[in-house]
Amino acid sequence: MNIYTRKQRWKLFLLIAAMLIGVSSLWYTNILVNKLSEQEKIKVELWVKATRHLSDVDINAGDQTFALDVLQSNTTIPVILTDSKDNINAFINIDTLENKGSGIAFLKDQIKIMKKQHDPIEVKFDKENMNYIYYKDSTILQQLRYYPYFQLAVISLFLLVSYLAFSSSRNAEQNQVWVGMAKETAHQLGTPLSSLVAWVEYLKMTHKNEEHLDEIQKDINRLQTITERFSKIGSAPSLKKDNIGEVVNNSIQYIKSRVSSKVEFTLTSVPNHTHIIYVPMNIPLFEWVLENIFKNAVDAMEGIGKISVLITDQQQFVYIDICDSGKGIPKSKFKTVFKPGYTSKKRGWGLGLSLSKRIIEEYHSGHIFVKSSEPNKGTVFRIVLNKVKV
């Protein structure tokens, strides 16, 4: 299991944990809301009983302080008392002055809302007439219903900001590691390279076997190119106008001489080979990108197959499509293949495509991505570069 598989599992675990927390919060708050709703219903029924009691009591009856206290204790639950024809007789805990329009019309609208929330309570103040008491949830209870959603929104926003901050910090740290590793590699290669160059010059003066010396010189030149590439990581490389077709062809010839003869290379340009397309680029770095893709293609084909390169001239951009006949890449891995450390091979660090993406997108202001891929049929990588403005 590689680091990215573990990372995806951790993300899934955290997502499930967050969902469980959210569901638990909603469930527990719903229990509290239901309990408070039942308590408010009991309070309203008690208020009804007190109202009925006071309406039936004789004027010469004794102390009715308890019933009056019950009536006065309801300071939060909106209540409206109507007759059988929905004519409003009384109401409490509803401020009609703060609402525009007619007070009666507003109270009628409130009755409609109350009917949706709770069934009315029937009460008779005399033997002939039936009255109804409508009520709705108090403001506190209504706010409590929405509280868990507000809480989840705040938590989600906090997690999002934290994730973005962490990702930014992690990317900055990774960039520092990349730059430090590249420059240290270039520095370490520089010393033995200088010594090798001196020895080659000495051998040229003392030996006459030019063929062997030429091969040694080629390898030294190659090491110098690698050193130059690493030294440019972390710096702003200079971009010069170059013929993209010629640069791609040179890279193909270099790779072709170092892989199996069973690998066939083809290069096609649109509209034609004679059409020259100029692109601002840093040749050593761009050749590094092509070599990484070519080498991965050869590995995917296990040394047997076909690699075709198509260069297409657009109005503002140039497309370089690199197609191989290898084993393909799963669609779920189209973006993951560019992550540092990802590799499907037993050997290797999984840095080639990550470096390629950095070189194309950060240094050349272009794009690189997996255009398409089919299992056991092959993969197409697309590089998009800006053309030189005429």
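Predicted model: local features only at pLDDT ≥ 70, side-chain atom pairs only at ≥ 80, totals over all residues.
Colleague: Why is the pairing of Lys-357 with Glu-361 called a salt bridge?

Modeller: The closest N and O atoms of Lys-357 and Glu-361 are 2.8 Å apart. The cut-off is within 4 Å, so the pair counts. The two residues are 4 residues apart in helix α8, so about one helical turn separates them.

Colleague: And what makes Arg-358 and Glu-362 a salt bridge?

Modeller: Their closest N and O atoms are 3.9 Å apart, and the rule asks for within 4 Å, so this pair counts too. Arg-358 and Glu-362 also both lie in helix α8, 4 residues apart.

Colleague: Why is Arg-358 called buried?

Modeller: Arg-358 has a relative accessible area of 11%.

Colleague: What about Glu-362, then: why is it called partly exposed?

Modeller: Glu-362 comes out at 47% relative accessibility. That value falls between the 20% and 50% limits, so Glu-362 is partly exposed.

Colleague: How do you know that Asp-321 and Arg-382 link distant parts of the chain?

Modeller: Asp-321 is in strand β9 and Arg-382 in strand β11, 61 residues apart. Their side chains meet in a salt bridge at 2.7 Å, N to O, and both residues are buried. Along with Lys-371, they are linked in a network of salt bridges.

Colleague: Moving on to helices, what makes up the contact of α7 with α8, by class?

Modeller: Residues including Trp-288 and Ile-293 in α7 meet ones including Leu-355 and Tyr-363 in α8. By class, that contact has 10 nonpolar, 4 polar and no charged residues.

How values were computed:
Residues numbered from 1 in each chain as written. Heavy atoms only, no water. Contact = heavy atoms within 4.5 Å. Nonpolar A, V, L, I, M, F, W, Y, C, P; charged D, E, K, R; others polar. Buried < 20%, exposed > 50% of the residue type's maximum accessible area, 1.4 Å probe, protein only.
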